[in-house]
Amino acid sequence: MKFFVDTADTAEIRDLAETGLLDGVTTNPSLIHKSGRKFVEVVEEICGIVDGPVSAEVVALDHATMMKEAEVLRKIADNVCIKVPLTIDGLKTCKALSGEGTQVNVTLCFSANQALLAAKAGATFISPFVGRHDDNGFDGMQLIEDIRLIYDNYDFGTEILVASVRHPIHILQSAKIGADVMTAPPAVIKSLFNHVLTDKGIAGFMKDWEATGQSIL
Ligand code: E4P
């Protein structure tokens with residue numbers, strides 16, 4: 001499963017990129033707002049850090065303006081992936097852009113039928129929001145299972161990008177279901193490293209090493 005990080009914080013992206021874990025980045029208008037930086041400038045910097053797809057979202061609601069915005073965004077770098085909402089205009093834009101060889105991430109997916117539409121429109125990625133689905137009393141991971149089944153039934157090439165990931169269990173379940181990609185905030189990715197027995201093991205080894213009185217360097 002590919003790991004994308006869901007942030008516009010370039011310091012966090014650099015830190016994670018050094019681990020070799022990072023396969024791509026997703027941003028959205030709220031994350032750009034949080035960064036306090038200019039959209040085009042921050043996307044350009046992220047594209048210089050990560051080789052994989054960097055999702056940059058259009059903010060227009062009509063197809064013609066979405067196309068104009070996509071034109072500006074895809075010129076930033078070859079690895080820019082245009083993010084469009086799951087609406088009729090969004091899918092028209094998806095179809096047009098993917099026909100021109102541009103990667104498209106269809107976002108704000110909350111049903112398996114919506115995911116079916118995105119695949120038929122040629123989406124590179126479909127982004128079901130599992131955390132927001134859970135928040136509203138639905139089962140986010142069941143949505144991922146349903147999309148996996150449907151995409152496999154028809155051999156769709158669209159990759160399932162699990163989004164709105166809130167905790168490590170979402171990531172574990174995504175991997176078990178066979179999602180292609182997950183995107184999570186930096187803190188959630190970093191929490192995957194944690195285990196109480198790892199910390200305990202390090203403390204024990206350090207104590208015994210000190211008792212040897214030796215040093216490696
Ligand atoms: C994905 O591309 C979105 O940016 C993101 O996962 C939304 O997550 P949230 O529900 O935590 O805002």
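Predicted model: local features only at pLDDT ≥ 70, side-chain atom pairs only at ≥ 80, totals over all residues.
Reader: Is Lys83 buried or exposed?
Author: Lys83 lies in strand E4, which spans residues 80–85. A residue is buried if 20 or more other C-beta atoms lie within 10 Å of its own. Because Lys83 has 28 C-beta neighbours inside 10 Å, its class is buried.

Reader: Which residues does Lys83 touch, not counting residues up to four places away in sequence?
Author: Contact is judged by C-beta atoms within 7 Å. With residues up to four places away in sequence left out, Lys83 touches Ser55, Ala56, Glu57, Val58, Asn105 and Thr107.

Reader: How many charged residues does the shell around the ligand have?
Author: The residues around the ligand include Asp6, Arg132 and Thr107. Asp and Arg count as charged. By class, the shell has two nonpolar and seven polar residues, and the number of charged ones is two.

Reader: Is Gln173 buried, exposed or partly exposed?
Author: Gln173 has its place in helix H9, residues 168–177. The C-alpha atoms of Gln173 and Ala64 are separated by 38 Å. Because 18 other C-beta atoms lie within 10 Å of Gln173, this residue is partly exposed.

Reader: What percentage of the residues in the chain is buried?
Author: The chain has 11 helices and eight strands, and its C-alpha atoms fill a box of roughly 70 × 40 × 30 Å along the principal axes. Of the 217 residues in the chain, buried ones make up 36%.

How values were computed. Residues numbered from 1 in each chain as written. Near = placed C-beta within 6 Å. Helix = DSSP H or I, 4+ residues; strand = E, 2+ residues; numbered from the N terminus. Buried ≥ 20, exposed ≤ 12 C-beta atoms within 10 Å, placed from the backbone. Contact = placed C-beta atoms within 7 Å.
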